[in-house]
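I opened a structure file today and kept notes on what I looked up.

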Amino acid sequence: MIYSVIDIGSNTIRMSVFKVVGKEAISLFSEKEQASLRNYFSNGKLSKKGIKRLISVLEKFKYIVDNFDDIDAVFPFATATIRDSSNRDEILKKVKKEVGFDIEILSEDDESRLTFVGASKSIDVSSGILTDIGGGSSEIVVFKDKEIIESTSLKIGSLSAFEDFVGDLIVKDSERKAIDKDVKDKLEDSKIKKKDYDTLCADGGSARATLDLYNEFYNFNSSNAFMKRDKLKDMLDDILEMNSRNTLDLIISVKADRIHTLLPGMIILNRIASYFSVDRINVSRTGVREGYVYERIIREE
C-alpha cells in the first residue's frame, strides 16, 4: 500500500509519500511549499487570504496525488496555526468542499508523540530530550527507555519569532536577546523540569536547516548529523556579527527558502540546548510525518 501524508505547518506545508511493506514505511518522495500561513494569522484567526493560500497549496498536492495512480489514501494533518485558529471549523469545511481533503488537527500531545515516534526511526537514543522547532510552536519531549515521560509545547517557532521580534530581514543583537529571553521564560513557565542532558535530539525544518548551515560554516561533510552546542553558539555569534550582506549571502547559499526564519530558529534551538545544558545536538532526518505513518497507519492496519 502507498500513502500520502500532508503536514500543514505554520511555515511550510510538506507532502511525503510512503510505501508500507509489512511493518516498515519506505519513503518514496516528498514535496514542500513555503506557505507561511502564520503570516496570515491575525486576531486569533487565519485570514481569507491565508485560507486561499492553504487551498492553493493543497490543490497542487492533490494534482500530484491524482496523477500518481498508486496512492491508496491521503492523510492531511495540521499543527499550530490551524490548531490555534478560532475559525478552524470554517477552514476545515472550506478545504473539504474545494479540495476534498479531511484535515486532522493534531493536539499538542499528539504532535509531540508522533514527532518522537518518527525521530526514533533515525536516531538511536534510548533516553534524553527531543525538540521539534516548527513555524508557530516548539515541541519538547523528555523520554526514557524509548518511552515519553513528559512533553510540552512552547508558543514560539521560527516564523512567529521572526514576526513578533524582528523588524527587518536580518536579526539584530537586541532582537536576538528578546527572542532568547522569550524562549527562556516559556521554558521556565512550562511543565518540563530543568535538568542536564548529554544529548538533545532535534527534528524539523529549522533544525535540519541549522545543521546544513553548521556543516557549511565549519566545512564538515554534508552527511554529518550532529552539532556541538558550543560550536553552534559560536557560529550564531559570528553570523550575527557579520554585515547584513554577508549574512544574506551565506544563508542564501545554504537555505534560501529560510532566509527570514533560519536565524530565529537557530536562536530558539540554541536556547533550548543551553537551558538543558546539552553538549551534543543530534538532528533527525525523520519526524512527525514518519511518526504519523507508523502510529496512525501501520499500527491500525
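Predicted model: local features only at pLDDT ≥ 70, side-chain atom pairs only at ≥ 80, totals over all residues.

The entries below cover strands, helices, salt bridges and surface patches.

**Entry 1: ground rules.** Residues are numbered from 1 along each chain as its sequence is written, and side-chain values use heavy atoms, with hydrogens and water left out.

**Entry 2: the open sheet.** I looked up the strand order first. Helices (H or I, at least four residues) and strands (E, at least two) are DSSP runs, numbered from the N terminus. Two strands count as paired if DSSP finds at least two bridges between them. On that basis, 5 strands form an open sheet with mixed pairing, in the order β3-β2-β1-β6-β7. β3 and β7 (104-105) stand at the edges with a single partner strand each, so one side of each has no neighbour in the sheet. I then checked one pairing inside this sheet. Strand β1 (residues 2-8) and strand β2 (residues 12-21) run antiparallel and are joined by 7 bridges. I picked out Y3, whose bridge partner in β2 is F18.

**Entry 3: strand β8 and its partners.** Which strands pair with β8, and in what sense? Strand β9 (residues 138-144) pairs with β8 in the antiparallel sense over 6 bridges. The two form a hairpin with 4 residues between them. Within that pair, D132 has E139 of β9 as its bridge partner. Strand β11 (residues 199-203) runs parallel to β8, and 4 bridges join them. There I found L200 of β11 as the bridge partner of I129. I also looked up the cover on β8 (residues 128-133): 6 of its 6 residues are buried. Buried means under 20% relative accessible area, exposed over 50%, and partly exposed in between (1.4 Å probe, protein chains only).

**Entry 4: helix α11.** The buried residues include charged ones by type, among them R289, E290, E295 and R296.

**Entry 5: salt bridges.** How many salt bridges does a search of the whole structure find? The count is 25. The criterion is a side-chain nitrogen of Lys or Arg within 4 Å of a carboxyl oxygen of Asp or Glu.

- K62 and D66 form a salt bridge, with the closest N and O atoms 3.0 Å apart. They are 4 residues apart in helix α1 (residues 48-66), which means a separation of about one helical turn. K62 is partly exposed at 28% relative accessible area, and D66 is partly exposed at 46%.
- K181 and D185 form a salt bridge, with the closest N and O atoms 2.8 Å apart. These two are 4 residues apart in helix α6, so about one helical turn separates them. K181 is exposed at 52%, whereas D185 is partly exposed at 27%.
- D203 and R208 form a salt bridge, with the closest N and O atoms 2.9 Å apart. D203 and R208 are both buried.

I also found a network: E104, D110, R113, E295 and R296 are joined by salt bridges that share partners.

**Entry 6: surface patches.** Patches are made of residues with over 30% relative accessible area and no salt bridge; like charges are joined within 9 Å, and nonpolar side chains (Val, Leu, Ile, Met, Phe, Trp, Tyr) within 5 Å. Areas come from the Shrake-Rupley method with a 1.4 Å probe, and for residues only the protein chains shown count as cover. Lys and Arg count as positive and Asp and Glu as negative, while His and the chain ends are not counted. A charge is placed at NZ of Lys, CZ of Arg, CG of Asp or CD of Glu.

D196, D198, D230, D234, D238, E241 and D279 gather in a patch of negative charge on the surface. I looked at D230, which lies in helix α8 (residues 229-241) and is partly exposed at 49% relative accessibility.

V21, I26 and L28 make a nonpolar surface patch of about 240 Å². I26 lies in strand β3 (residues 24-34) and is partly exposed, with a relative accessible area of 42%.

**Entry 7: one distance.** S190 counts as buried at 16% relative accessibility. Its C-alpha atom is separated by 37 Å from that of N219, 29 residues apart along the chain.
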